[in-house]
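Colleague: Hi! Could you walk me through this one?
Modeller: Happy to, just ask away.

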Amino acid sequence: MNNDTKMPIVLIGNSFKYEIEATLKLFFNTARFMFCTDRSEIVGERYVVAEVHENGSFAVEVCLGDEPVITEGEAAPDKLEHEICRALAHTLTELTGIRPPWGIMTGIRPVKKVTELIERGLGKEQIRAELTERFELLPDKFELAYATAVNQLPILEKIDLSAASLYVSIPFCPTRCSYCSFVSHSMDSARKLMPEYIAALCRELEIMGDIVRETGTKIDTIYFGGGTPTSISADELQAVMEAVERSFDLGSIREYSVEAGRPDTITEEKLRVIKELGASRISVNPQTLNDDVLRVIGRQHSGEDAIRAFELARRLGFDNINTDLIAGLPTESAESFRNTLDRICELSPESITVHTLTLKRSAELFEKSSANIKNPAAEMVDYSVEKLIGSGYLPYYMYRQKNTVDNLENVGYAKKGFESWYNIFIMDETQTILGAGCAASTKLVYPDGKISRIHNYKFPYEYISRFDELMTKKTEVTECLKKIKSTPQK
Ligand code: SF4
């Protein structure tokens, strides 16, 4: 479907817009829809009508250019929305041949759902029945979600809900990758502001440190992310990490990660700073080792550069390295992805994260895009499960995003004992995460489970110029941490 054409979706006798749109996106992941309530508003030859009759029966009509296909059914009022989406998905599978791997599970995290069911005392077969029958997950996706939930449970059981984790944002990159949909600013545009940015970030870390001390909160994990944290200079990185060191008690943390990220920004000097200032886990993220693909996505490093950066980190004593790969990059073939993964496995990092390409509206690729047409991402993802599990890695965290090629998932694999606690905490949403820096957000998890978010400004100039205003919002952080502290933990 052309990205500019809005497909009319007519809802009659119901207002199930959100779920119906989510189901449609499983088949047309970059399409746009126009919702209306009358058939007279249909334009073009492609449309969907979802109609609920007064007696509770329903009809779903789908037309993709040829003869419309109508599916009828009945459901109890509380099951109606789900059954309409199921009928819509079946019809679309019939018409397009697409079978979404995660079925009609939308807006629900599969691993969280499995964990919930395990905690309710259900056995594997009962959980399989619930997920494969109700949501129609494919059997191998159920196995993946189940294994991931089982592997992360021992860590979740040790989660300290009275503690908090810290995220430090360095939202800069040497250049922008063509698939990027993060908030990331190129170093060229940000260089002039850098001294002021670093000073503001250090100041925010000190303010956060004061709040953490005042409320007696323990910091559990620290994560430097971006952007690419190693795009700043070694001195700048040192200044930020020293601010962390003097503001927080590093003696009690369980994990300190720095996402070194792009190999073209990794130098011995920066790695030494990272190591000396207490971080024990880093990420080296080539995404692919295929030089042609790296060029297409706008990276300025080669596959060999990535291997050299990895080996340098090893020589300097890093014994917990993660490597990020992306399945489905433009022009990448299944074979070249396999070569990359095999080569990465030979390097034997402690963890490997396999993402699937996501086409978000802000990404350059989305605009040009037909990058997701005939993309062998599913083959790559299947290979990664087989290869990594066969090489001793265990899936331990997983998330899905909208607009991912073929509705595939992102999975973190690790050797036993090298699972990233921070990655699990961020998905589980039960521990407070304090965010510092431009584009960071703070996620406050109140004792009653309510979540409140404070978003820092996205642009460095705004973060710097409105810093004092931003800091006034931190009173809520103090209040929340005090509440957490005064609530007995279960
Ligand atoms: S390295 Fe990551 S954050 Fe930076 S431009 Fe590329 S995709 Fe975006």
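Colleague: Let's start with Val 49. Which residue in strand 4 stands opposite Val 49?
Modeller: That would be Glu 61. Keep in mind that this is a predicted model.

Colleague: And how many bridges join strand 3 to strand 4?
Modeller: Strand 3, residues 46-52, and strand 4, residues 57-64, are joined by seven bridges. The two strands run antiparallel.

Colleague: What packs on the sheet there, touching strand 3 and strand 4?
Modeller: Helix 2, residues 80-96, does, and it touches strand 5 as well. The direction of helix 2 makes about 30 degrees with that of strand 4.

Colleague: What about helix 1, which strands does it lie across?
Modeller: Helix 1, residues 17-25, lies across strand 1 (6-12), strand 2 and strand 3. Relative to strand 2, helix 1 runs at about 150 degrees.

Colleague: In what order do the strands of this open sheet come?
Modeller: The five strands follow the order 2-1-3-4-5, and their pairing is mixed.

Colleague: Why is one side of strand 2 and of strand 5 left without a neighbour in the sheet?
Modeller: Because strand 2 (32-36) and strand 5 (69-74) stand at the edges, and each has a single partner strand. From one strand to the next, the twist averages 15 degrees.

Colleague: New topic: the ligand. Which residues are around the ligand?
Modeller: Among them are Cys 173, Cys 177, Cys 180, Tyr 179 and Phe 182, along with Arg 176, Arg 262 and Arg 299. Gly 227 is also one of the residues around the ligand.

Colleague: How does that shell divide into nonpolar, polar and charged?
Modeller: Five residues of the shell are nonpolar, four are polar and three are charged.

Colleague: You mentioned Gly 227. What kind of peptide bond joins Gly 226 and Gly 227?
Modeller: A cis one, with omega about 10 degrees. Most peptide bonds are trans. Gly 227 lies in the loop between strand 9 (219-226) and helix 8 (234-247).

Colleague: What's the phi of Gln 287?
Modeller: Gln 287 has a positive phi of about 70 degrees, although it is not a glycine. You'll find Gln 287 in strand 11, residues 281-287.

Colleague: Which residues line the largest cavity?
Modeller: The lining includes Arg 109, Val 111, Lys 112, Thr 115 and Met 398. Helix 3 (110-119), helix 5 (139-156) and helix 15 (421-428) each give two or more residues to that lining. Helix 3 has the largest share, three residues.

Colleague: And by class, what does the lining of the largest cavity have?
Modeller: Four nonpolar, two polar and three charged residues.

Technical notes: Residues numbered from 1 in each chain as written. Predicted model: local features only at pLDDT ≥ 70, side-chain atom pairs only at ≥ 80, totals over all residues. Heavy atoms only, no water. Pairing = 2+ DSSP bridges. Helix = DSSP H or I, 4+ residues; strand = E, 2+ residues; numbered from the N terminus. Axes fitted to C-alpha atoms, helices over the stretch in contact; angles between N-to-C directions. Contact = heavy atoms within 4.5 Å. Near = heavy atom within 4 Å. Nonpolar A, V, L, I, M, F, W, Y, C, P; charged D, E, K, R; others polar. 1 Å grid on protein atoms, 1.4 Å probe; cavity = no way out; pocket = protein on both sides within 12 Å on 5 of 7 lines; lining within 4 Å.
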